[in-house]
Amino acid sequence: MQLAKIVESSVKNRKHAPVFVLGSPRSGTTLLYDMLLSAGGFAVYLAESNVFNLLMPRFGDLSSRRNRERLLNAWLESKLFRSSGLDADLVRQRILQDCRNGGDFLRIVMGEICTLQGVQRWAENSPEGMLYLPLIKQLIPEALVIHIIRDGRDVASSLGRLRYVRAFPWETRHSLIGCGLYWEWIVQHGRNFGRATGADYMEIHFENLLAQPKETLAQVSCFIDHPLDYELIRSIAYGSVSKPNTSFRTEMHNVDFNPVGRWKKSFSQEQLFRFEQLVGNTLQDLGYDLATGGVRKKLSLGLRATRLLHRSFFEGKLAYKNSRILRALKPSMRGSDLDEIVLADDHPPLNKHSSARL
């Protein structure tokens, strides 16, 4: 499980470039993001901005003042604003005057948080932003992308517990198969992008971050040109650094709590066999050993149909989300609607770095 090879980069001043921490949901994106914030020098925004994967698809072309006003009305009523600590009038003025697309919106909001907190850099960690990487790189060319990858069996166990992927009628509501195929689909989106992007993209593994945090953070530090002191990170400990973001909360306080390899208790033997038949090639390509023989076999007609059906559903849902016609038919989104979807603190962050210096 090695990091992506670094080749010539299009980003010239990496020490000030924004950092996007992305990956499949439940892969450790929040942990790595909170580690960056705990290291200092980054704007502390304890929220997933959801600009590219939610706000832009829902509010449309932001070169339209009407769309910007609709977005602001909802955003300023939501946790996404309340967690920023910003002045509402200032944000409204800047967005209405200077924003023409989602990249502008994110730059303005995060830039104002940087100014408020006296830092020069920001990061972002909305996991499904992975599906919009070409657009992100188009609108924010200096962006550096860290793709954090986790064993798909553990991801599926966690997503299934949260009932994240809508199952087909003949599947259980928390279908491990559907969750595994979703993991593979979104990871492949990121890796395909990474192969075309070169040195502005890197991969790390969640398991390495836990087992060898200093060594893994050292590689991330080199990639983003930013000091990442593991002891300082543990001391400041924003968000999930101090409180694990786990779907297995009943196990969180156990002495032997370990988020790695939990899949061994989640699958029946039959489920595991079908799961590894479907996504085993991807697991092996990423360096994970299979539990059911490790032999790459040609899929049966039934499994090929299962894969095609799920991937068509994921692609169709993405197209539906970004359809201009269907967007016009949806009801207006309010701040309370955003709050039901987004992950964010409901208050501005405590500046732990200032407290530590005092």
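## Strand pairing around S3

Strand S1 (residues 19-22) and strand S3 (residues 144-149) run parallel and are joined by four bridges. Helices (H or I, at least four residues) and strands (E, at least two) are DSSP runs, numbered from the N terminus, and two strands pair if DSSP finds at least two bridges between them. The structure is a predicted model, in which local features need pLDDT of at least 70 and side-chain atom pairs count only at pLDDT 80 or more, while totals for chains, interfaces and linings use all residues. Residues are numbered from 1 along each chain as its sequence is written, and side-chain values use heavy atoms, with hydrogens and water left out.

Strand S3 also pairs with strand S4 (residues 201-205), in the parallel sense and over five bridges. His147 of S3 is the bridge partner of Leu22, and His147 also stands opposite Glu203 in S4. Six of the six residues of S3 are buried, so the strand is largely enclosed by the rest of the structure; buried means under 20% relative accessible area, exposed over 50%, and partly exposed in between (1.4 Å probe, protein chains only). Leu144, Ile146 and Ile148 point one way from S3, whereas Val145, His147 and Ile149 point the other way.

## Helix H8 and its cover

Helix H8 (residues 152-162) is mostly covered, with nine of its eleven residues buried. Among the buried residues are Gly152, Arg153, Ala156 and Gly160. The cover over the buried residues of H8 includes H9 and helix H13 (269-285). Arg163 follows H8 and has a positive phi, near 55 degrees.

Gly180, in helix H9, is buried, with a relative accessible area of 0%. Not counting residues up to four places away in sequence, Gly180 touches Ala156, Phe275 and Val279, where contact means heavy atoms within 4.5 Å. Gly180 and Phe275 are 95 residues apart in sequence, yet their C-alpha atoms are 7.1 Å apart in space.

## Aromatic pairs

Rings of Phe, Tyr and Trp (its six-membered ring) pair if their centres lie within 6.5 Å; planes under 30 degrees apart count as stacked, over 60 as edge-to-face and the rest as tilted. By this rule there are nine aromatic pairs. One of them, Tyr182 with Phe314, is edge-to-face, at 5.4 Å centre to centre and with 80 degrees between the planes. Tyr182 lies in helix H9 (residues 176-197) and Phe314 in helix H14 (residues 301-321), so the pair ties together parts that are 132 residues apart in sequence.

Tyr182 and Phe314 are both buried.

## Charged side chains

Two arginines lie over aromatic faces: Arg14 over Phe223, at 4.9 Å from the ring centre, and Arg153 over Trp263, at 4.2 Å. A charge sits over a ring if NZ of Lys or CZ of Arg is within 6 Å of the ring centre and within 35 degrees of the ring normal.

Lys79, in helix H4 (residues 79-82), is buried yet has no salt bridge, that is, a side-chain nitrogen of Lys or Arg within 4 Å of a carboxyl oxygen of Asp or Glu. The nearest side chain of opposite charge, Asp339, is 5.1 Å away; Lys and Arg count as positive and Asp and Glu as negative, while His and the chain ends are not counted. Leaving aside neighbours within four places in sequence, Lys79 is in contact with Asp339, Val342, Ala344, Asp345 and Asp346.
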